[in-house]
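I opened the model to look up a few points. My entries follow, in the order I made them.

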Amino acid sequence: MTTHAKLLDLLAEPPADPDFAAGYLNLLGDEVQAGPPTGLVQRLMRTNLVPMVYERWWRPALGRVIKGPSGPSMAEEHDIAVRLLRLEPGGVALDVACGTGGFTRRFGAEVGPSGLAVGLDASAPMLERAVAATAAGSPVVYLRADAVRPPLRESVVDAVCCFAALHMFAEPTVALTSFARVLKPGGRLALLTSARESWEPARTVQTAMGWASGQRMFARDEVRDLLTERGFTDIEVRFAGATQFVGATAT
């Protein structure tokens with residue numbers, strides 16, 4: 001079965017005439033973007049310029065500022081995601097808000113030819129860059145769709161990754177519910193998102209910065225509590241600056 005066929009098999013309502021001409025399956029039609037931007041950062045990411053520099057400059061630089069000087073590098077982030085997801089050959093991984101596909105390609109290498117890594121993003125420019133950077137024949141496929149409500153059937157993926165995006169969603173709690181829905185029982189979730197520091201002056205500044213940039217600053221126990229409410233277990237959290245890496249198991 002081809003990667004395109006595998007993707008169509010995951011969808012709740014596969015299109016009658018799927019079009020992969022652009023290198024990805026577009027379920028958003030001619031919409032420029034899905035929904036209004038939540039703030040300045042998302043506005044910038046929706047330009048044509050940011051996708052060109054996203055993987056090499058934008059994401060590493062922004063991540064370093066937010067994670068702090070002692071936070072993990074981009075290469076270490078990849079390793080953290082793989083460890084949290086516990087990927088195995090033949091598995092199916094969903095990379096939500098995949099951007100230019102850096103993590104998606106790594107997941108494809110982990111699940112191997114018998115598996116599938118699906119990169120999902122609402123941005124056509126991001127996906128164009130992702131497709132261009134992905135080797136032909138790799139077990140990677142891309143989908144343009146709503147990241148908050150991935151259009152997949154229930155319990156069809158072994159792993160969901162959402163790194164550096166949940167805090168920019170207009171409805172992050174809806175996204176977490178969606179992740180729980182598409183994961184198989186025992187499937188793994190990996191998140192990299194915001195976390196206000198416990199020191200009150202820093203918390204105040206981070207909250208204000210989040211408001212100004214359109215990013216939600218989660219309290220340190222908030223994401224853990226939201227996951228527990230959705231039935232996730234085996235939750236582990238690692239903080240780095242104003243961020244948190246979270247892993248959890250679906251039930």
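I began with cysteine 161, which is buried because its relative accessible area is 0%; buried means under 20%, exposed over 50% and partly exposed in between, with a 1.4 Å probe and protein chains only. I am working on a predicted model, where local features need pLDDT of at least 70, side-chain atom pairs count only at pLDDT 80 or more, and totals for chains, interfaces and linings use all residues. Residues are numbered from 1 along each chain as its sequence is written, and side-chain values use heavy atoms, with hydrogens and water left out.

Next I looked for a bonding partner. The closest cysteine sulfur to that of cysteine 161 belongs to cysteine 162, and at 7.2 Å it is too far for a bond. I found 0 disulfides in the structure, a disulfide being a pair of cysteine sulfur atoms within 2.5 Å. I also checked cysteine 98, which counts as buried because its relative accessibility is 7%.

Then I turned to the helices. Helices are DSSP runs of H or I with at least four residues, strands are E runs of at least two, and both are numbered from the N terminus. I noted that α4 (residues 74–85) packs on α5 at an angle of about 50 degrees, with the axes 11 Å apart. The axes are lines fitted to C-alpha atoms over the stretch in contact, and angles run from 0 to 180 degrees between N-to-C directions. I logged the residues that make the contact (heavy atoms within 4.5 Å). From α4 they include Met74, His78 and Leu85, and from α5 they include Phe103, Arg106 and Phe107.

I listed the buried residues of α5 (residues 102–111): Gly102, Phe103, Thr104, Phe107, Gly108 and Val111. Just after α5, I saw that glycine 112 has a positive phi of about 75 degrees.

I moved on to threonine 134, in the loop between α6 (124–133) and β4 (140–144). Threonine 134 counts as buried because its relative accessibility is 16%. Setting aside neighbours within four places in sequence, I found threonine 134 in contact with Arg105, Val140 and Tyr142.

Last, I looked at leucine 183 in strand β6 (residues 183–194). Leucine 183 is buried, with a relative accessible area of 2%. I noted aspartate 158 at 5.9 Å from leucine 183, C-alpha to C-alpha, though the two are 25 residues apart in sequence. Beyond four places in sequence, the contacts of leucine 183 include Val157, Asp158, Phe232 and Ala250.
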